[in-house]
Amino acid sequence: MSKSLGNYMEIITARATDADVRSRSQDGGIVSAAFIYGIENGILDGSIVASAPDKHNPSPVVAITKEDILKARGTKYSISPNVALLKSAVREHGLEKVGFVGTPCQLVALRKAIKYPLGFRHVGDKVGLIIGIFCMENFNYQSMKILIEEYANVSMDDVLKTDIGKGKLWVYKKDGSEPITVPLKETHIFEQKSCHVCTDYTSELADFSTGSVGSPDGWSTVIIRTKRGKEFIDKMIADGKLETQPADLEGKGGIPLLEKLSNGKKEKSLDTIRIREENGLPVPKLL
Ligand code: SF4
C-alpha cells in the first residue's frame, strides 16, 4: 500500500518480448501483450479496446483475435468510451471472460457497475481482467487537433503516434523524423475540465496498472494490485511473454517520480474539489 499509488502487491518494470507487439505499441506494449496472451491461453474470450483505424476519434471495439489487438495498438488522441461497450460485449458478442482496459475514471465506472449492477446484471462477473493506464489529463479531439496542427505544426494525417512525458506532448510523424514537442504548460488550457477533479493518476482500481513513468524508454512500469492481476502477470513472465527488470525504487526518474506525479495530481484535484464544494458546484463521488 502506498498513499500515492493506492493498494498494490508489487511494482515491476516490464516489456513484451514480442518485437511485433512492441512496435507501434506504447512503451513496453504491456496491454497488447496481455490481451493477446489472455486470448491465446483461454483466459479471455476477447477484450474491449479503442479502435485504431480512426485514431483521431477513437471508439471501442471488441477484439477477439491477435490481429484485432494488434490493429488497436498504441496511443489514441482522445478518450474512447470503453465502458459503453461492456454490455454489448457480453450480451451480443457472447463473451464470458472479457478483458478491459481503461483510464482511472473509466475504472471507477466499471467497478461501480460491477458492485452495483443496476442495468448491468450478469455482466460484471464476465469481466476477466481489468488493466488500467496512467492518466494525468485528457484532451477532446478538437483540442488535440489544435495542439497537433497549430502548436506542433503537423498535419493529423502525418501523425504516427503521440505521447506525454518529460513535461512535453510528443508528436511522432509517420516519416520517422525527430518528434515535435509542445511544452505541457501550453497544453493545460486544452485539458478536459473533468480531469481537474480527478484524483487517480495510476488506475488504483485495476488488476494491474501500466504506463511509461518510472521506467526507462521502451519499458513500462507495471503496478500489480490484485491476486488476479498477479497470477496473470506471473504466468506471462513464466511463459516468456514479458521480460522484466526490478523497478527503480529510488532513482530520480523511477518510482519516486511516479509517486510525486500521483501525489501532485491528488493534491491539485482535491484543492479544486474543495473550491467547487465551497461554491456549491457538483463534485465527483467515488466508490
Ligand atoms: Fe479520466 Fe482522470 Fe484521465 Fe481525465 S485525468 S481522462 S478524468 S482518468
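How many nonpolar, polar and charged residues does the shell around the ligand have? I counted by class and noted seven nonpolar, two polar and two charged residues in the shell. For these classes I took Ala, Val, Leu, Ile, Met, Phe, Trp, Tyr, Cys and Pro as nonpolar, Asp, Glu, Lys and Arg as charged, and the others, Gly among them, as polar.

**Ground rules**

I am working with a predicted model, in which local features need pLDDT of at least 70 and side-chain atom pairs count only at pLDDT 80 or more, while totals for chains, interfaces and linings use all residues. Residues are numbered from 1 along each chain as its sequence is written, and side-chain values use heavy atoms, with hydrogens and water left out.

**The ligand**

I listed the residues around the ligand: Ile79, Thr103, Pro104, Cys105, Cys135, Met136, Glu137, Asn138, Cys195, Cys198 and Lys265. A residue is near a molecule or strand here if one of its heavy atoms lies within 4 Å of it.

**The whole chain**

I looked up the domains, whose bounds come from an automatic or database domain assignment. Domain 1 covers 10-138 + 198-278, and domain 2 covers 139-190. The centres of domain 1 and domain 2, taken over C-alpha atoms, are 22 Å apart.

I found nine helices and 11 strands in the protein chain. Helices (H or I, at least four residues) and strands (E, at least two) are DSSP runs, numbered from the N terminus.

I then checked the overall dimensions. Along its principal axes the C-alpha trace spans about 50 × 45 × 40 Å. The radius of gyration of the protein chain is 18 Å, which agrees with the value near 19 Å that a compact globule of 287 residues would have. That radius is taken over C-alpha atoms, and the globule rule is 2.2 Å times the number of residues to the power 0.38.

The accessible surface of the protein chain is about 14000 Å², and 53% of it belongs to carbon and sulfur atoms. Accessible areas come from the Shrake-Rupley method with a 1.4 Å probe, and for residues only the protein chains shown count as cover. I noted that 48% of the 287 residues count as buried. Buried means under 20% relative accessible area, exposed over 50%, and partly exposed in between (1.4 Å probe, protein chains only).

Of the contacts between residues at least 6 apart in sequence, 65% join residues at least 24 apart. Contact means heavy atoms within 4.5 Å.

I went to helix α2, residues 30-40, and found nine of its 11 residues buried. Phe35 is one of the buried residues of α2, and Ile36 and Tyr37 are also among them. Gly42 follows α2 and has a positive phi, near 70 degrees.

Which residues does Ser47 contact, leaving aside its neighbours within four places in sequence? I found Phe35, Val61, Val62, Ala63, Ile69, Leu95 and Gly99. Ser47 sits in strand β2, residues 46-50, and counts as buried because its relative accessibility is 0%.

Phe100 sits in strand β4, residues 98-102. Phe100 also counts as buried, at 0% relative accessibility. Not counting residues up to four places away in sequence, Phe100 touches Phe35, Ile48, Asn82, Val83, Leu107, Leu110, Leu129, Ile130 and Ile131. Phe100 and Ser47 are 53 residues apart along the chain, with their C-alpha atoms 5.7 Å apart.

**Residues in loops**

Is His122 buried or exposed? His122 counts as exposed because its relative accessibility is 55%. I placed His122 in the loop between α5 (104-115) and β5 (127-133). His122 has a positive phi of about 60 degrees although it is not a glycine.

Lys166 is not a glycine either, and has a positive phi of about 50 degrees. I found Lys166 in the loop between β6 (159-165) and β7 (168-173). At 64% relative accessibility, Lys166 counts as exposed.

Asp175 lies in the loop between β7 and β8 (180-183), and is exposed, with a relative accessible area of 54%.

Last, I checked Ser212, in the loop between β9 (208-211) and β10 (220-224). Ser212 is partly exposed, because its relative accessible area is 24%. Leaving aside its neighbours within four places in sequence, Ser212 is in contact with Asp27, Phe134, Trp219 and Thr221.
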